[in-house]
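Let's walk through this structure together, one part at a time.

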Amino acid sequence: MNKIILLDKRPVGKVSLNDFKFVQEEIPQPMEGEILLKTLYVSVDPYLRGRMNDSKSYVPPFQLHEPIESGIVAKVVQTNNAAFKEGDIVSGSLKWQQYQVSKGVGLNKIEDDGTSLTAYLGILGMTGLTAYCGLLEIGKPKAGETLVVSGAAGAVGSVVGQIGKLLGCKVVGIAGTDEKVEMLKSEFHFDGAINYKTTPDLKKAIQDACPDGVDIYFDNVGAEISDAVLVNINKFARIPVCGAISLYNGDNSSNGLRVSSVLLSKSALMQGFIVSNYADKFPAAIKQLTAWVKEGKLISSETIEQGFDHIPQAFLDLFDGKNKGKMIVDCTN
């Protein structure tokens, strides 16, 4: 039988396990031109929370009582499509099902070059592309500048900081535990890191960590953390807005900073982006990211949970900060 995870209810506030439903069906059989895929690894990401709302956004919302989908690495186990052979490994946006049929449209074949398959959901997939394109196209880093990254121990943030270091920036990360702060400094070689949960005056802590001010702020979080960074930005600062995980569950209780005067007085650029905005940059970005990974200059941090049944809980764990780097569920067993 084939297990499938549906969106059973639209979450109100924080997502709960009750918003998901497991069902079982017969394993589908591929028709002419189709392939049968077995799910190997599933990416769970904060942006999926927005698709659970019935509201207009840059991607359509998930439909109730239909499977959720995200980035997945899968194996071709049966084929009626000449472009694919049995045993091929592919990645793409696929449904939360143990088995599914596909016509192969939008799937990328993964060559066996010794690279971990999970890297294609993270550092060599949308995660790496988001970090690379957001930082270079909006942040436009220059050697000697100061880069601050919120959500720095997460999938995108940890890559942004590493790229910033490779390009000659001073990098300061903001994270939520002492363990993550230590990881940023020891594993990813950030110049400084701040635990926002235990820091009584975050504005002052950022000022102390960035005595020359902040030239680039890569924002993954929003809310009070971003307020504290923005009051420390330099003239002509650039602020790529990648995410706002602190607000995804509907907590808008804090009015926060009025950014207009800050942006005006500092002649600063603050720009939200979706990675698909830069699709034309993807080939060059993947080439550079792959080179850095193979040279050992860019490392991937992953939190890997085990078992298809654990996908919903792994998604919930993102919002409690239980992941270090990319959250992936291993469904191979």
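**Starting from helix 2**

In helix 2, the buried residues are Thr127, Gly128, Leu129, Thr130, Ala131, Tyr132, Cys133, Gly134, Leu135, Ile138 and Gly139; buried means under 20% relative accessible area, exposed means over 50%, and partly exposed lies in between (1.4 Å probe, protein chains only). The helix is mostly covered, with 11 of its 14 residues buried. Helices here are DSSP runs of H or I with at least four residues, strands are runs of E with at least two, and both are numbered from the N terminus.

A word on what you are looking at: this is a predicted model, in which local features need pLDDT of at least 70 and side-chain atom pairs count only at pLDDT 80 or more, while totals for chains, interfaces and linings use all residues. Residues are numbered from 1 along each chain as its sequence is written, and side-chain values use heavy atoms, with hydrogens and water left out.

Most residues other than glycine have a negative phi. Lysine 140 sits in the loop that runs between helix 2 (126–139) and strand 8 (146–150), and it is partly exposed, with a relative accessible area of 47%. Histidine 189 also has a positive phi, near 60°, without being a glycine. You will find histidine 189 in the loop between helix 4 (178–186) and strand 10 (192–195), where it is exposed at a relative accessible area of 52%.

Now step back to the whole chain, which holds 9 helices and 15 strands. Its radius of gyration is 20 Å, close to the 20 Å that the globule rule gives for 333 residues, so the chain is as compact as a globular protein of that length. That radius is taken over C-alpha atoms, and the rule is 2.2 Å times the number of residues to the power 0.38. Along the principal axes, the C-alpha atoms fill a box of roughly 60 × 45 × 35 Å. Of the 333 residues, 49% count as buried. Among contacts between residues at least 6 apart in sequence, 67% join residues at least 24 apart, where contact means heavy atoms within 4.5 Å.

Serine 91 has 9% relative accessibility and so counts as buried. Leaving aside neighbours within four places in sequence, serine 91 is in contact with Ile72, Val73, Gly106, Leu107, Asn108 and Ile110.

Finally, which spaces are there to explore? On a 1 Å grid over the protein atoms alone, a cavity is a set of points where a 1.4 Å probe fits but cannot get out, and a pocket is an open set with protein on both sides within 12 Å along at least five of seven lines; lining residues have an atom within 4 Å of a point. The largest cavity has a volume of about 60 Å³, a volume being the space filled by probe spheres set on the grid points, which are joined across faces, edges and corners. Helix 3 (residues 155–166) gives the largest share of its lining, 4 residues. Thr127, one of the buried residues of helix 2, is also among the residues that line this cavity. The second largest pocket holds about 210 Å³ of space, and its lining includes Lys85, Asp88, Lys109, Glu111 and Asp112.
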